[in-house]
Amino acid sequence: MQRRTLLTLAAAGVVAGSLGLGAAHAADPIKIGVVGPKTGPLAGGATITHFPNFKLWQKLVNDRGGLKLKEGQRKIELIEYDDRTSPPETIKAVERLATVDKVDFIMPAYGTGFNLAVAPIFAKHDYPLLAQAFVTDQGDELIKRYPNLFVVQGKTQWFARDAIAVLKKLRDEKKIGNKIAVVNVADAFGIELANTARPMFKEAGFDIVYDKSYPLGTQDLSPIVKGAKAANPDAFVAWSYPPDTFALLEQAKIEGLNVKAYYSAVATAFQSFAGKFGPLAENVLGAGGYEDTPAIRDYMKIHKEVTGVDADYWGSAMYGSLLQVLEQSIEGVGSLDRKAVTAYIKSKTFKTVVGEMDLRKQQMTNAWTVGQWQNGFFHAVGAEGFTKLKPVNLKTNW
Amino acid sequence: MDIIITGLLLGGTYALMAMGLQLQYGVARIMNLANGEILVAGAFGTFWFYSATKFSPLYSLIFLIPLAFVANWAIYDVLIRPLVRRAKSQGQLEVDSILATFGISFIFVGGLLAVFGGEYLSYSYLARPIFILGEPYGLNRIAAFIGAIVLCASLYIWLHKTRAGLALRAVAVNPSAAGLVSINVPRASALAFALGGAVAAAGGSLLSMFLTFDASLGVVFTLKALVIVIMGGVSDIRGAIIASFILGLAETTVATLVDPGLTLAAAYVLFLAILLIKPEGLLGRRSS
Amino acid sequence: MSSVEAGQDAKPSTVTQIIRDLREAAVLTGAERRGLTAAAVVTAAWACLPFISDGYLLSLGISITIFAGLATSWTLFSGPTNYISLATAAFFGIGMYIVAGGVNLLPYPVLILIAAIAGGLFAALIGLATLRIAGVYFVIFSLGLAELVRQVVSWGQHVMGTSSGLYVLIDRSDSAFFWQLLVLTIVVYLVSWWIGRSRLGFALRIIGNDEVVAVHCGINTARAKVVLFVISSTFAAIAGALVAPRWSYVEPTLAFSPFLSFQVVIMSLLGGVHRLWGPLLGVIPFTILWEFISAKFPSQTTLLLGVAFLLIVYFIPHGVIGLIEDLMKRRGGLLNSLRAMLKKDGGK
């Protein structure tokens, strides 16, 4: 027990006590810790991609009786915290989950910076970190630092590389010309993508006729779209975030930016994107995309039924898949021994809703990076290493 | 030329964001940090109305404005008035109102989250181009601009041509002197606060035609409104209007002629420069 | 502390003046000596936190320590002068970015030094602005400034064409972070305490009460304000630099978050800005309350935080210090040593 000589520690002790530092009983449910932004700038995306997946997983697992361990089946209980899109809060919440709630497994955080901030804590307590909302080019270095880290997502450069490859193919087939207008949101992911892509565009022989960034939260993107249009591009690429992704397409329509290839990065894969724009969303390219399989269609359906939220076509099924990997690993090991589970994940490939998932080297070897809306489904149309891709349509339906 | 039109449209957008706070701070002297959340609530109300009925979202103003007015009056009466009564100085009231409205903004965000969820809400309405002098402009932005003009004009006329408006302006200039000439200062302040809230909600409603909203977005609008209100000088509504349009034009000019990445930087430079040259804001009066 | 001396300002050399101030500051009354000892004991006990916990409580302790430092350094300037500054995030972010940008180029301690110097210089520039702008105008001015810095840094990252300046992968344990931040906070306190007891502190109190009177007393108000602002902001920059490796990934939106500035202001106001220990008494309950609500009510965290806020504003109108002083008035002489501890700023 702690000494209560000091006011501060006493107060903290009271808080800690009320938070439950007691021991868990046997045959308790398996405790799964969840942390993510319910409020703050990233809450919009997390509400669709992050939180519902855990609820869905919990329901599916508990409906069949729980996870099968050697000692019998045990159901899952979720313990969730809001990190308010602030890394110090994420750190505190994960510490709380690890040392106070003493959960058996902790789900990844939402956002590259947030996962990085808590990676040391995961490592210290041997929790596997299956990071999905985590796009980086430093993966090789990071997995060496954190042997428990699994990067369940493509690298930044793949998103750029594959988008450019799609455009290059269209150009080589003489379907579009050579001139590209590029814009990006001036925030982490947008900046990274833009800077990675620029030399790749040049290498592919494209002529960048407009290359500008805009601040996060800009309320009027018409100068940007007007400027892009004035440069007479054949294709338009926006490394954008949800609010601007929504605004840019609308602005493009109004300004008459009738390019045959239109790409906007984040949130194009949201169903609300297709919902807002209806037929205008057809043939828009964006980050993400899925292969049209019964497994995926089922997943989307169940997601909506159980959580009430329309899954997106980028991160949602990936989350679903990593949860399947975790589930299969826990059941494969037969216990909640985290080190064993981590080793199990590195020992084989897994059958998941997105197909075969190979995390033996802690990183995905390939990922669906470019999608296109075709007939109400955001199909995977570009990704190196995949063969079953849908052909790309031209956006002639302005 | 299209810089000017786009800049004016943007200025209208900004005016919609700032007018509410102008009334709440300029007259009622409450630095309402929850202003952005009221605006977002207005946008959400319209989104819900449009999704549910498919009638023009502009009709939602019919019930949103009175609803926001009443709600804000209640907020003032219940939550703010005790602070006004016990504040011994203007400075203390400002500090107290900053703290209290900070708390209120959290309550709003939590409330919006609970009712509407955390995701992005957006709809398409009047997303058609209108051609002015050969250049296309969004009809929804033009509609919002017209809304802004109507709002600013009616507020201005009401403030300058009615007794109630006169009372508000008197309170804005000097609350204690206003009390001496038998103006019911507490009532005028409540009226200004409620009116400011209604204007903010209406602004949010109009903006929802072309902006994407989520529950946490309020703070962005509050920040912008704060900058505009202070830049314009606190005591005169015309200051906020002028500041909105100056910012809109400046940002558009920089976006088109210099670099869109510097739009907000330029806006802040302009704001800082104006304050350095005229520390009370554009139309502000030096307080005694 | 002689009131006449406050008027005889810059004419003797600054070095002599500083030495004189230091000597004066070193002279303590009995009560002050006791207070100082008590403070040292408390701090030493607090420093032992990493031995008790290396998990959640330590995280909490880091939060408390860093906000104690930020709030006290904020109060250093804003307390006596009554200028509410919302620019804390600007300096914090500058500190973070200097470390993030230079982490692969220069040794870490050098980066901390650069962060301090950059923060100080930038603050000197802004401090000059405080000479003209006052009241709520200054508040929003400082906010606009912080946002301007964020915009420029974001744009700069785009223009520089690299994604460097984002990853700060340095191995450091939470205990190390805790002690580093504790050292910084202790320095902040000592500087604050020393200034409070010195001529400068006395001059500041006059400025805070009535700037016109201060000028008439011959106090160089301009220099006093700028010096204070520089010291206060430098600490914020160093804090940012120290924290960068803990975040591991630095992005403009988060490093320059205005919410940080608001938090610091609110914690200081809650504690009370007219006593040295005021901000600390705001930081501790505030952080604990925050944690309590976050932990117990994860789905309605924001809503309940807002309610808690309102309750605090209504029932603790003069800050925690005010609350304690009210209690003391009723308890009379029984809490004399507490009073001595609170009067660390030189006998006010």
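A:K226 is located in helix 9 (residues 222-230) of chain A; helices are DSSP runs of H or I with at least four residues, numbered from the N terminus. The model is predicted, with local features requiring pLDDT of at least 70 and side-chain atom pairs pLDDT 80 or more, while totals for chains, interfaces and linings use all residues. Residues are numbered from 1 along each chain as its sequence is written, and chains are lettered from A and ligands numbered from 1 in the order in which they are written.

A:K226 counts as buried because it has 21 C-beta neighbours inside 10 Å; the criterion is 20 or more other C-beta atoms within 10 Å, with C-beta atoms placed from the backbone. The C-alpha atoms of A:K226 and A:K31 are separated by 53 Å, and the two residues lie 195 residues apart along the chain.

## The largest nonpolar core

The largest nonpolar core has 358 residues, among which A:F236 and C:A241 touch the most other members. Such a core joins buried Ala, Val, Leu, Ile, Met, Phe, Trp, Tyr and Cys residues through C-beta atoms within 7 Å. Helix 11 (residues 221-247) of chain C gives the most to this core, with 15 residues.

Beyond its neighbours within four places in sequence, C:A241 is in contact (C-beta atoms, placed from the backbone, within 7 Å) with C:G95, C:M96, C:I98, C:V99, C:L111, C:I112 and C:A115.

## Contact between chains B and C

Chain B provides 35 residues to the contact and chain C provides 31 residues. On the side of chain B that touches chain C, helix 4 of chain B gives the most, with 14 residues.

Methods
A residue is buried if 20 or more other C-beta atoms lie within 10 Å of its own, exposed if 12 or fewer, and partly exposed in between; C-beta atoms are placed from the backbone. Helices (H or I, at least four residues) and strands (E, at least two) are DSSP runs, numbered from the N terminus. Two residues are in contact if their C-beta atoms, placed from the backbone, lie within 7 Å.
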